[in-house]
Amino acid sequence: MTVALVLLEVVPSGALAASSAGLLVAAARVGEPVAVIAGPADVLPGAAEAAARLGAVRVHTAEVDSSALTGPVVDAVAAAVAAENPDLVLASNAIETRDAVARLAARLRLPLATDIVGVARDDLGVVAHHSAFGGAFTVDGAPTFGPLVATLRPGSVEGQLDPQPLMVRGLEVLASGIPSGRVEAFSETAAASTRPELRGAAAVVAGGRGVGSKKDFALVEQLADALGAAVGASRAAVDAGYVPATAQVGQTGVSVSPKLYVALGISGAIQHRAGMQTARTIVAIDKNPEAPIFDIADFGIVGDLFTVVPQLISALEAHKK
C-alpha cells in the first residue's frame, strides 16, 4: 500500500495544530495517511490519540528534547521515512514544520515543494498543485525522483477523515549530532479572543485603507464577529496603524485559503491578492467600481462600506434570531 507520511505539529499546550485534519485529508489523496509526531514524552499519548481520531492509520512517535530547535524533529522524520518508504512527506507551511521538512529534503537529497494548495496522484506518481503569480494560475509540479517532500498552505484543503483505530509505533531515532539552536526560556502568552486564528480560518473579514481610520476599523471587527470570522487587513491598513502586522494578508503577510473572504475597502493590489485569491468565495465591498479586487470577487458591491456593512450586520443578526 502506498504511504503518505504526515508530520503533525504539536502546539505548546500539547494539542495538535489546527492544520492537522487538512494535512491528513490531503495525504489520503496520495496513499495511506501515516502520522509522525515528535515532542516531549508527556504529550505524545494524547497527540497520537488525536491523530487517530483525525484519520491517521498509523502514528509514529518520537520523544525529542523540546528545548532543541528543528534538528531532533528532522532526525525523527528521517527515521519514519526509512521505516515507511513513503511516496510523499507532507507538513504544514508553518514556520516550525516547513523548516524541519526543508532540512529533511536537503539531508536526504529529496525534491521539495513549498506552500502547495493541493496534492494528487496520477499514473506517474505524486502531483503537487501550486497557486502561482498571485493566485492567477494553478500550476502542477511533479518530482522525477524520490518521494516528494511538500508543505501545504493552511486552510487550502478542508474536511476530515473517518477515525481510525489507534496504532502507535515508537521510532528508533538515530541522532544526527548536527548542532541545533536551543530555547533557554519559554513562556506562553495567551491572548483572550473569541475569534479564530487568521491562518487556517474558515472565514476572514479584512479591511483596507478605505476603512479610513483605526477607530472605524471596529466595523470590520463587528462584521467578523457576526460571521464568526477571523480579522485580516491589507498592508496599507497595517502601515496606517489600523491593526497590528499580525493581521496582514498578502505576499508579505499571511496567506489564507478560507471558505469565505470578505474584503472591505481593499483595492486589491497584486501583493494582497497573492495571499487570499485561493479563497472559495470572495466578497468585495468598495466604492471604486474600477478597484482590481472586483476582478477576482465572486460577489461585489459598489458602495460606501459604512452604509453597506451595518445593513449586512443587521441582516446577519436578524437571521440568527
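Since 5 of the 5 residues of β9 are buried, the strand is largely enclosed by the rest of the structure. The model is a predicted one, so local features need pLDDT of at least 70 and side-chain atom pairs count only at pLDDT 80 or more, while totals for chains, interfaces and linings use all residues. Residues are numbered from 1 along each chain as its sequence is written, and side-chain values use heavy atoms, leaving out hydrogens and water. Helices (H or I, at least four residues) and strands (E, at least two) are DSSP runs, numbered from the N terminus.

As for the sheet, 7 strands pair in parallel in an open arrangement, in the order β5-β9-β4-β1-β2-β3-β10; two strands pair if DSSP finds at least two bridges between them. The edges are taken by β5 (112–116) and β10 (168–170), each with a single partner strand, so one side of each has no neighbour in the sheet. From one strand to the next, the twist averages 25 degrees. Angles run from 0 to 180 degrees between N-to-C directions, and axes are lines fitted to C-alpha atoms, for helices over the stretch in contact.

On one side of β9 (residues 148–152) comes β5, joined to it in parallel by 3 bridges. Here I116 stands opposite L152, and A113 has A150 as its bridge partner. With β4, strand β9 pairs in the parallel sense over 5 bridges, and L90 stands opposite A150.

Leaving aside neighbours within four places in sequence, T151 is in contact (heavy atoms within 4.5 Å) with residues including A91, S92, R98 and V101.

H130 lies in strand β7 (residues 125–132) and, at 22% relative accessibility, counts as partly exposed. Beyond its neighbours within four places in sequence, H130 is in contact with A113, T114, I116, V117, F137, T138, V139 and G141.

Turning to helix α8 (residues 305–320), its 16 residues reach 22 Å from first C-alpha to last, close to the 22 Å expected at 1.5 Å a residue, where the expected span is 1.5 Å times one less than the number of residues. In α8, L305, V308, V309 and I313 are buried. These four cover an arc of only 130 degrees around the axis, which puts them on the same side of α8; the arc is that of the directions from the helix axis to the C-beta atoms. Exposed Q311 and A318 are on the face turned away from the buried side. The cover over the buried residues includes α5 (218–227), β13 (260–264), β14 (281–286) and β15 (299–302). At the start of α8, a side-chain oxygen of D304 reaches to within 2.9 Å of the backbone nitrogen of F306.

Note on methods: Buried means under 20% relative accessible area, exposed over 50%, partly exposed in between (1.4 Å probe, protein chains only). A polar contact is a pair of N or O atoms within 3.5 Å; within protein, one must be able to donate a hydrogen and the other to accept it, and residues adjacent in sequence count only if both atoms are side-chain atoms.
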